[in-house]
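This report describes one protein structure for a reader who has not seen it before. Please look over the sequence and the model first.

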Amino acid sequence: MRSFEFKPSRAFLVGLDYGGDIVSQLKDFLENNKIRCGFINGIGAIKNAEIGYYDQKSKEYIKRRFDERAEILSLTGNVSLHDGEIFPHLHVILGYNNRIYGGHLFGGEVFACEVFVIELEGNPPRREKDPQTGLNLW
Ligand code: ZN
């Protein structure tokens, strides 16, 4: 187990732009505001979402893209550093007309998205390749 202590710092409500990529917009926001550590929570609607499921045996993401429009029932994630860059790690639960999918969020086109970002003050953890899982972990 690893743990890191922080103090809550700035808090933001962010409305993402229609038509832009959800992950790129969030990364731009974090970089523009120099938020190197924090957590993210959001709701909204999206189309052309690309989400992934991490196959623990092959240690690879199985990606899936959905052409349909979906509700973002939950967008959640954290912010830390990976290879010296600000890295938002994002997961979503997406609600379609008659089913729900979730996973690691790789991208998608924003229809509307309201995000709550809390910055944490302190020394941000750096992600490094973990040999046991194959993931870039703190
Ligand atoms: Zn993930």
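Which residues have the most contacts inside the largest nonpolar core? In this predicted model, they are Ile22, Leu75, Leu94, Val115 and Val117, and the core has 29 residues. Two or more residues of this core come from each of β1 (7-15), α1 (22-32), β2 (38-55), β3 (60-82), β4 and β5 (100-121). With 6 residues, β3 gives the most to the core.

Leaving aside residues up to four places away in sequence, Val117 touches Arg10, Ala11, Phe12, Val14, Phe29, Leu30, Ile35, Phe39 and Ile40.

The next topic is the metal site. A zinc ion has His89, His91 and His104 as its protein donors, lying 2.1 Å from the ion. The donor atom is NE2 in His89 and in His91, but ND1 in His104. Along the sequence, the spacing of the donor residues is H-x1-H-x12-H.

The surface also has a nonpolar patch of about 280 Å², made by Leu73, Ile93 and Ile100. Of these, Ile93 is found in strand β4, which covers residues 85-95.

| Residue | Relative accessibility | Class |
|---|---|---|
| His89 | 21% | partly exposed |
| His91 | 38% | partly exposed |
| Ile93 | 40% | partly exposed |

Why does Ile93 count as partly exposed? Its relative accessibility is 40%, and the class partly exposed lies between buried, under 20%, and exposed, over 50%. His89 counts as partly exposed because its relative accessibility is 21%.

Key:
Residues numbered from 1 in each chain as written. Predicted model: local features only at pLDDT ≥ 70, side-chain atom pairs only at ≥ 80, totals over all residues. Heavy atoms only, no water. Patch = residues over 30% accessible without salt bridge, like charges linked within 9 Å, V, L, I, M, F, W, Y side chains within 5 Å. Areas by Shrake-Rupley, 256 points an atom, 1.4 Å probe, with all protein chains shown as cover. Salt bridge = Lys/Arg side-chain N within 4 Å of Asp/Glu carboxyl O. Helix = DSSP H or I, 4+ residues; strand = E, 2+ residues; numbered from the N terminus. Buried < 20%, exposed > 50% of the residue type's maximum accessible area, 1.4 Å probe, protein only. Donors = N, O, S within 2.8 Å, 3.2 Å for Na, K, Ca; no water. Core = buried A, V, L, I, M, F, W, Y, C linked by side-chain atoms within 4.5 Å. Contact = heavy atoms within 4.5 Å.
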